[in-house]
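Subject: Structure for you to look at

Hello,

Here is the structure for you to look through. My notes follow below it.

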Amino acid sequence: MSTGKPKPVVALYGLTCCAGCQLEILNLEDDLLDILGHINLVQFRMGSSATHPGPYDVCFVEGSVTNEAELTRLKELRENSKILVAMGACATTGGVNAIRNGRNIEEFKQSVYGDASHVNTFPQILPLKSHVKIDYELQGCPISGQEFVEFLTALLTGAEPREKNYAVCVECRMKENVCLMKEGELCLGPITRAGCGALCPSLGFPCEGCWGPVPQANVESEIDMFSQKGASFDLVVRKFRMFNASAEEFMKQLKRRLNIEWL
Amino acid sequence: MPPKKKVAALILKKKDIPKLVRQLTQVLTVYGPVANQSQFKFDTITDGSQLRLDYDTTILPPKKFFIPPTEDMVTFSQSPTLTIHDTLAQSDIESLWNGKRFLVFGVHSCDLAAIKFHDLILTQIYPDPYRTRRREEGIIIGLNCLLPCEDSFCKSAGTLHTTDSADLMLTELDNTYYVDVLTETGRKVVEFCKILFSPASTEQTKLVKKTLTQRNQTFPDPLDSFEEIPSQFDASYEAEMWNRLGRRCFGCGACTMVCPTCFCFDVSDRVELNLKEGARVRKWDSCQLVDFALVAGGHNFRPTIPSRVRFRIYHKFWIEPEQINQIGCVGCGRCTRACPADIDMIELLSDIQKGGN
């Protein structure tokens, strides 16, 4: 940013979620002062009690729309923001909130809350882009602080943020990790978008798919490979639905290949 | 370059390897094979005991020392005016010893062949100053394989015997390594650590020859007429095998990341958060990724996974032989070992030989 120009007005909002993405931003301690030197961060509940009615140059929204009030809120934010960014798995794929999709929501409410008469929630969770126009997405559960900084830097310099349209395997091989699929594990890395730096596989844990589907994800082959490794249908479905129950292509293939009615 | 004078073969005792490493690390960064979970990788060696010269293969080839996965090509800074620093010209890249900065210990023949292949493409045909500089700064100690590794087909690919691009070549002989000095640089390394080397006896030379001859006979040779694959391509170009492979392939690019002969890269700019400094970065790219053949206007020359799988093989076994008269595959088998969809290169090439159906 050249000096003299007013700093862009930026807001961070949360819908239904764990607020882990905002926490990830608060954790950017080494970078926060630099970031605040470039932007006017007017709304960031995890960092400040200040509020701002808008309009915003850039608005980041974490979390899923789970009821009418949140849908109204999201629509207001859209109208109030030049650039609207969906932030984190809940916002980009529905995340763990979407596990309810296709299941009986009343049973879910009952098992979580007991008397759930006061709980007002949608039976189906969709990515934010299904509700309003989204300009950019930052994936992950939670997002990567580094990707957030890179994204912000691109916006501030007028560059088009680059999407990572490739699988976790690229980052995983560059880190020279032993391939967990080859070790017999059920790893979603081959069909999951990169950006995390292969965080879980680098620590010995198979990918759970929190960055969402990579473009042209070969879901059929992944189901085949999981089955070859002895995974039960139930386990395959759980793996695919943990973060990606709203990913249509994933569910369509699971339904077709495993013959599961409710998906 | 050939040695100025013929140096007789030498013997290095296995127990002296730590001493050799200690001596070399005084003047060079030394890389070598080390244990990496259940496999191996090339990494910095600070102590000879880390070296695992009994390794079968590594996840990434030694290519990473000559073409790093990511590398800054130029850095720029806007304080107070825009200045551009070519990383090639930066003085922090110091020659530590005789113009050399690093040494890679224990490189197998398949990887030596791949380095030679890159010398041809990236130094002679399309001179790449970054790779060429690193190549000039590196010393390579090769190591003959005496046991085949799983999934490899070096004998079929004709790289089992390669000593090209090595400065010294080691062959295990009981409690010692038999050392062939192949270049002037190799001679200097021996000279620098001469107390650790002794002349090889005629018996030892005979024994090494016998060992290597036996090795050549026992190594698997799963692909007959490997060099004829390019001419078999036309028949299989439209074959069903590419759709079959495309249904299995994830398009994840793991095969190309671990390939010792792949050299494609992408260039992008990184701007630091201070918005005053940055770098033009190059990073390994892969023809298996959806964006690889995407051009301005949104057209994609290879929009599907089957078209990209075929392209990778086509490039190595048809385009490169046409362009430089060499097959772009050294038979190391890393792509097979890395493939999460269990696609087997030997099987794939056999299918081409059978007409692709």
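Among contacts in chain B between residues at least 6 apart in sequence, what percentage join residues at least 24 apart? The figure is 73%, where two residues are in contact if their C-beta atoms, placed from the backbone, lie within 7 Å.

This is a predicted model: local features need pLDDT of at least 70, side-chain atom pairs count only at pLDDT 80 or more, and totals for chains, interfaces and linings use all residues. Residues are numbered from 1 along each chain as its sequence is written, while chains are lettered from A and ligands numbered from 1 in the order in which they are written.

Chain B has 357 residues, and 38% of them count as buried (20 or more other C-beta atoms within 10 Å of the residue's own, with C-beta atoms placed from the backbone). The C-alpha atoms of chain B fill a box of roughly 65 × 65 × 40 Å along the principal axes.

Chain B is divided into domain 1 (10-218) and domain 2 (226-353); these bounds come from an automatic or database domain assignment. The contact between them takes 36 residues from domain 1 of chain B and 26 residues from domain 2 of chain B. On the domain 1 side, α3(B) gives the largest share, 10 residues. Helices (H or I, at least four residues) are DSSP runs, numbered from the N terminus. The centres of the two domains, taken over C-alpha atoms, are 26 Å apart.

Between the chains, 29 residues of chain A are in contact with 32 residues of chain B.

Regards

Technical notes
Buried ≥ 20, exposed ≤ 12 C-beta atoms within 10 Å, placed from the backbone. Helix = DSSP H or I, 4+ residues; strand = E, 2+ residues; numbered from the N terminus.
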